[in-house]
Amino acid sequence: MTVGGGAGGAPSAIDAKKLRIYGIGGALVGIYLAAILNSVLGTDIFSILAAAGAVAAAVMGANAVRRVCGYGIGTGVPSIGMLALGMGIVGASFGLSTAEQLGVSMAGVIIALVYAMIFGYIVGAIANKVMGFNIPIMEEGLTDLSGAGAMAIIGWSYAISGSLAYADMVAKVFNTGYLAIVFICGGLAILHPFNANLGPDEKQDRTLVNGLMVGSLAVVAVGLCSLATLSTTAAIITIVIGAAAWYYFYVWYYRLVKRDAAAVVGTGLLPPSAL
Amino acid sequence: MNFDALTIVYILEIVVGGLLVGVGVHFVPVGGAPAAMAQATGVGTGTVQLAAGSGLTGLLAAGLMMSVTDNIWPILASGAVGAMIMMDTTMMAGGWIYAYAVGAPFASAKVNYDPITGYSQPPYVAPGTVGQGIPTVCYVSGTIGAFMGGLGGAMIYYPLMMTNHNPSLSALFAIGIFLVNAVLASWNIQGTIEGFHDPKFKRWPKAFRSCLVATVILALVAVTITGGA
C-alpha cells in the first residue's frame, strides 16, 4: 500500500492541486459549454461535452480515493466511492432545485459544487476528529471526492437530459430511473481505478488512466440512456465518442499495465531442499 | 421555503432516520472478504453493501406502502419488515453455504458462550481464523440491525415524499442520505463486526455523533428540495 498516496514515487506524478483544477475546471467548462452551445444553437448534440466534463471530475475523484485509501481506511475502497456518490447526489439535487427556485437554473452547478465540497469537508473533519482516523489529507480528500461526485452526477445527468433545468432533470433522469445508472457507473469510475490497481506497485498514471477508461464506459452508458430522451443524433454522438475514448484509454492502460508488469522480478522456484 | 412547524418535524424525522441507520449498521454481522473465505464470522461482503441492500429493500417496501396510504405507521413498519426479510434471507442463504458447501460450523471468536443459546464457541473455531459462519447471536443481531436500518430508511423517505411528492426523487435522495450514514458507521467499526456482543459495538456513540452532524446538514437541505415540474 502506498503510504500517503505515494504520489512522490511515480515518475509522472501529477500534483493533487493540479488535478483538482483540471477536474473541477474541466467539469464546469464541459457542463456550461454544453448548456450554452445547446441553448444558443437550439440543439442537443453538444451534450457529450458535459459527459466529458464529468469524466474529468471522476478522474479527480479517483485521485482523491487513491490518496485517502492509501492510508488504509479499514473498510475497502468501494465504501468511499459510495460515500462520494451519496454526497454528490444530495449536492446535485439540492443545487439544481435551489437554482430553479431562485430562477437562475444556470447557477445550479455552482451551488451543487459549493454545497458538496463544504459537506465533504465537514465529513472529513468528522472522520478525523470524532472517529480518530488522523489522516492528514482526509478533509482535503473528501472535499475533492464530494465535489467530484456532484460534478459527475450533474455532468452525466446532463448528457441524458440535455438541459440544466431542474424540471427536465427530474422528468428525464430521476423519474425514468436513469439516475441509478449514472449513480453506479459514476461510482465505478471513481472507486474502481484504485480498487483495481492498489498494491505496492500502484502508480498514479496507471490508476488515473484506468479512471479515464471506466469514465468513458460511463459515457457510453449514459449515451445509451439518452437514446430515449434526446435526439438520436445526440445519443449516437455520445455513444461513438464514448466508445472511441474507451478504446483509446484501454490501449493506453494496457500499455501501462505491461510497463509495470515488466518490472516484476521472478523469485524462482523453491530451492530443492525446501521441497 | 418557509420553516414552519411541520418542516421542523420533517427535519427531525430525517435526522432520527439517519441516526437509526448509523447505529443499525453496528448490529449487522459483516465479515468482508475474510468471511467470504469462512475465516471470520458474518456475511461475506462489505458493511456498506449489506446496509445498502437492506436499506434499499426497506425503501422499496416503504414506497410500496406509501402508494396506498399516507399514514406514517404502516409505512415505517413495512420499511422495517422489508429490510428484515432481506437481511434474514441473506444470512440464511449465507448460512446454508457455510454449512453445506464450505462445511464450517458456525462459531464466534468474540465470545466464549453464545449469549442467546449458551453454546460453547471456542471448540468450534477453526485454528487460524476468527470464527466462521453466522451463529445464532449474529442472526438475531443482524435482524435487529436490519429493523433499525429499514425503519431509518423509511423514516428518511416519508418526510421527503411529504415535501416533494416525487417518489423517484425521494428514493434516490434517501439513498444518498442512507449511504452517507452507512459509510460513516462502517468507518467507525473498521470493516468487520459480529453484532451487539462484539467489543467493537461499544464504539457506537462515535458513529451516533458523526451521523448526527452529517444528517442534520443533509436534512436542512433535503426539505428545501422540490419535486420539479
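**Exercise 1. Describe the fold of chain A in this predicted model, starting from the order of its elements.**

Solution.
1. Along its sequence, chain A runs α-α-α-α-α-α-α-α-α.
2. Counting the elements gives 9 helices and 0 strands.
3. The radius of gyration is 19 Å, close to the 19 Å from the globule rule for 275 residues, so chain A is as compact as a globular protein of that length.
4. Along the principal axes, the C-alpha atoms of chain A fill a box of roughly 75 × 45 × 30 Å.
5. Of the 275 residues in chain A, 57% count as buried.
6. Take the contacts in chain A between residues at least 6 apart in sequence: 74% of these join residues at least 24 apart.

**Exercise 2. State how much area chain B and chain A bury between them, and which residues of chain B lose the most.**

Solution.
1. The two chains bury about 2,900 Å² between them.
2. Carbon and sulfur atoms hold 76% of that area.
3. On the chain B side, L172(B), W187(B) and I217(B) lose the most area to chain A, together 23% of what that side buries.

**Exercise 3. Work out which residues and helices make up the side of chain B that touches chain A, and count the polar links.**

Solution.
1. In contact are 34 residues of chain B and 34 residues of chain A.
2. Between the chains there are 0 salt bridges, and 8 residue pairs are in polar contact, both residues at pLDDT 80 or more.
3. In chain B, helix 3 (47-66), helix 6 (167-188) and helix 7 (204-222) each supply at least two residues of this side.
4. Helix 6 of chain B gives the most, with 14 residues.
5. Sorted by class, this side of chain B has 19 nonpolar, 13 polar and 2 charged residues.

Definitions and conventions
Residues numbered from 1 in each chain as written. Chains lettered and ligands numbered in written order. Predicted model: local features only at pLDDT ≥ 70, side-chain atom pairs only at ≥ 80, totals over all residues. Heavy atoms only, no water. Contact = heavy atoms within 4.5 Å. Buried area = accessible area lost by both parts, 1.4 Å probe. Salt bridge = Lys/Arg side-chain N within 4 Å of Asp/Glu carboxyl O. Polar contact = N/O pair within 3.5 Å; in protein donor to acceptor, adjacent residues only side chain to side chain. Helix = DSSP H or I, 4+ residues; strand = E, 2+ residues; numbered from the N terminus. Nonpolar A, V, L, I, M, F, W, Y, C, P; charged D, E, K, R; others polar. Rg over C-alpha atoms; globule rule 2.2 N^0.38 Å. Buried < 20%, exposed > 50% of the residue type's maximum accessible area, 1.4 Å probe, protein only.
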